[in-house]
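Here are a few notes to go with your first look at this one. Have the structure open while you read, and take the points one at a time.

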Amino acid sequence: MSKISCQCGHENPYGTELCEQCGRPLSKKAKESDIVDMRYEGASRRSQTYKSSIIDKIWNFFSSVKIGVGIIVAVLLASAIGTIFPQKFYVPATTDAEYAEYYERLYGVVGKFYFELGFYDMYNSWWFKVLIGMLATSIIIASIDRVVPLYKSLKKQRTRRHPSFMKRQRIYGEGAIENTAESFAKAEEELKKMRYNVKTENGAILAEKHRFSRWGPYVNHTGLIIFFVGVLLRGIPGFYVDEAMWIREGETRNIVGAPGYVLENKGFTLENYTKEEAEEVFGAALDKVGSIVKTYKTDVTLYKEKEGSLPGSDNLEKVEDYAIVVNKPLKFNGYNVFQMDYKLDELKTMTFHLVEKSSEASLGEFTVDLSNPEKEYDLGNGASVNMLGFYPDYDGIKDGEPYSKSPVPNNPAFIFQMNTPEKPTGEKSFVAIRQTLEVEQNDYAIKFAAAETRNISGLTIRKDKTLYILLLGGLVFMIGVIQGMYWQHRRIWIQEDADGHVLIAAHTNKNWFSLRKELDKLRQSTALPAYIDRQDPELDKPEQEGDEEIWT
Amino acid sequence: MDLVTISSNLLLVSFVAYLVATLFFGGAIKKSKSEKAYHNSKWGTIGLVITIIGFLTHVGYFATRWIASGHAPLSNMFEFTTAFGMMLVGAFILLYIMYRTPSLGLFALPIAIIIISYATMFPREVTPLIPALQSKWLFIHVITTVIGESILAISAVAGLVFLVKNIDMTKKSKQRFWIEAVMFTLVLVLGFVVTSTTFKVLGYEAEFTYIDKNEAPAEITYHVPPLFGMNEYEAMTPGAMTPWVELPPIINAQRLTSLTWSVAAGAVLYLLLRLIARKPLAAVFQPLAKKANSQLMDEIGYRSVLIGFPVFTLGALIFAMIWAHEAWSRFWGWDPKEVWALITWLFYAAFLHLRLSRGWEGQKSAWLAVIGFVIIMFNLIAVNLIIAGLHSYA
């Protein structure tokens, strides 16, 4: 495409609205406008210039802020819809049928549609991910489309601008003043005091400050992209581990997801605030709600398998003792182990007596370790008990057999064979909690004597190598928004035209009120023509007289 | 006097100070003829001084309560909402010093007063911290979020002044309807305060047993006469009113009852005010907003979003993610409160893009600022009370 040459002699890229050097309006739109669009300095942007090929069309689609806002709003609405009912991961169900049943039972027809439309797993749905992908694309393309021309344009700007540029600024003034040279020298001095960078070029002043704030949006967009990259990396194996494990008191187990590391649970504690021990100020609250939990704590010892030993061997070395509490995870080698859940008082062992029914005399007692039951318990004196069947979570009879619904000893049941000197062939008995069944009338019985319980701690194991990338993304975003929002790019042009008239114009990317305040301050000490703000008709004229400090 | 009592008294002092300061800002507007006098008004300066005194006693409430309980008082609805009111006043003071506009004070302080009144309707006992909250991040995350939200809220106040001033109240229009709807909502909050206080003074209580949505038996206490009954309710308090209807288990009939009482009381209050004023409430406030410079209000609204947005991002997203990773093992879990923080953030991001690139200034921008405030309040009130999640501490 051909270049556009300006009357000032500068060659501008095709599509330029305002001459990069002198600011003369070049396009029809710019020539006809009253106040010129200064957002990207009237530079040539790809999206506004090339519109024919398919790539142009995709580029233009994603570079549009209108489309960008549309995507933001779509993500916003989808997110909001996702909070109407609980999401999939908060629902106690595992199969699709159970989910469907859950939503329909609790929320009726609306719940049914919520499930069927996939809103119950909104944030993992393919189209939510597509929206996020489009958002990222839009951020990248829209930024590149703007930052490059803006940078070039600001770099090439000249101190003296053409009057047609000056006249099309939002803040503009012109008039004759008495001693131009002296006023200009004074203005230069004052502007420097206000920390402007001042450039002069025979009878023209350009005062500029905080240009870096113009880069803020692009910096914060970079931060967001870094964040998205971090999130994407979690899909790569090894970058991200998320596992859960239950560990009983006294147990030593390999840490799920952290090969080579072993954890011993030395005890789980749940502590409540009590009226006796808690501080007096909490008395009223504790009276009202009863008990409030103070601590969930698992005391653990972390071991590491020694170098060169086979996996699963007992060749361990101790790393450390640690008390895992909420907000204080155990940290080692990039892993974090969190206190997430607990179960109190799971049965650990059960102790039984073997008794003769008629005399109620005990032939001895034995203890069953429920996590590791033995086949035979020898009671001495020729008596023994064989365990023929063990049903840790007994849930009735199924197909003529006792049935255990899980391997967790919530409701243990046993089939024992009792061997005694009197009945050496043995008698069989089915024993469950508060229940005994016999096939035939037995002479002997198993009587429950005592039980021991223990607590179980639910831990989550995480390793996330992307955390630092995410943190970096957040940091860059913050730098970007602060740089772009807490400073403003301001420019003031003052120049004498060919007829000896003084023109004054000013521009800021935002916060016009403060710019006017600075202009008013400048006009107090320096003789300069009065200006108008063409977007604020309500502004009082007398404010500019310069003898009264109004905007304090 | 123990520290907790001192703390409550300090809060009361702030409350009164904000009321008095509102009157002075009103005086500043009434007494000034020109813009110049309006900006340098003595009344305005006195109003500012009283506001600052109120803010300092408010900070005193915060500090003494912190010392008494041993943790930052940001752990339940009362404490959080009170802090929000405090920071709203703080943000107002900051913007008043920058721009000197009494009309901002005339609208900002009453909103702060309503928010503090609302806060005091929640249980005010000092409670010990549950394990998830025992962290230095409680203070860092919550206070940053509150400051961010308060600064963003100021943009809604400026937007409100802009709208009350510029909407033609003599002709029927969509805008006139919606600005009046905003006024009505504010009156509804007062309705809630009035009913809660009345029944609290009367000491009303009615206990019920019911069957919850997981089909387990549960108990609940009503503090207002029960209009709606919980699923399969049975009255435990003799002589309590019999609810009109029994509701299905997914609806919390107790909260619906409170809401209904508040709406009813608010509606009556609104009708009374309309009868006295004989015109829409927005029209009553219009003369007070007339002297504000529209361009300036627009700029204050925009400026407060510019200042508040980074603070909100830092507190409600970045610090939140860091803490969530420490306490719950994941930095993001799509918990409703998290999602609504994200929604708030996306909304203001859209606001900024519409303003920067699509030129949405003036009325459009003012309406967006008001909607932003509605989203913040939704996250504060509705997400806690209606949508259950990890953040439901109240």
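**Notes on chain B**

1. Start with confidence. Chain B has an average pLDDT of 88, and 95% of its residues score at least 70. Keep in mind that this is a predicted model.

2. Of the elements of chain B, helix α6 (residues 137–166) has the highest mean pLDDT, 94, while α2(B) has the lowest, 61. For the complex, the predictor reports an ipTM of 0.89 and a pTM of 0.88.

3. Now look at where the chains meet. On the chain B side, 49 residues are in contact with 52 residues of chain A. Four helices of chain B each supply at least two residues to this side: α2 (35–40), α3 (42–69), α10 (294–328) and α11 (336–358). The largest share, 14 residues, belongs to α10(B). Sorted by class, the side of chain B that touches chain A has 28 nonpolar, 12 polar and nine charged residues.

4. Helix α7 (residues 174–202) packs against helix α8 (residues 253–277) with axes 7 Å apart and an angle of about 120°. The crossing of α7(B) past α8(B) is right-handed.

5. Finally, zoom in on that contact. From α7(B), the residues include B:Phe184, B:Leu188 and B:Phe192, and among those they meet in α8(B) are B:Trp261, B:Leu269 and B:Tyr270. The contact of α7(B) with α8(B) counts 12 nonpolar and four polar residues, with no charged ones.

Note on methods. Residues are numbered from 1 along each chain as its sequence is written. Chains are lettered from A and ligands numbered from 1 in the order in which they are written. This is a predicted model: local features need pLDDT of at least 70, side-chain atom pairs count only at pLDDT 80 or more; totals for chains, interfaces and linings use all residues. Two residues are in contact if their C-beta atoms, placed from the backbone, lie within 7 Å. Ala, Val, Leu, Ile, Met, Phe, Trp, Tyr, Cys and Pro count as nonpolar, Asp, Glu, Lys and Arg as charged, and the others, Gly among them, as polar. pLDDT is the predictor's confidence in each residue, from 0 to 100. Axes are lines fitted to C-alpha atoms, for helices over the stretch in contact, and angles run from 0 to 180 degrees between N-to-C directions. A crossing is left-handed if the near helix is turned anticlockwise from the far one by less than a right angle, and right-handed if clockwise.
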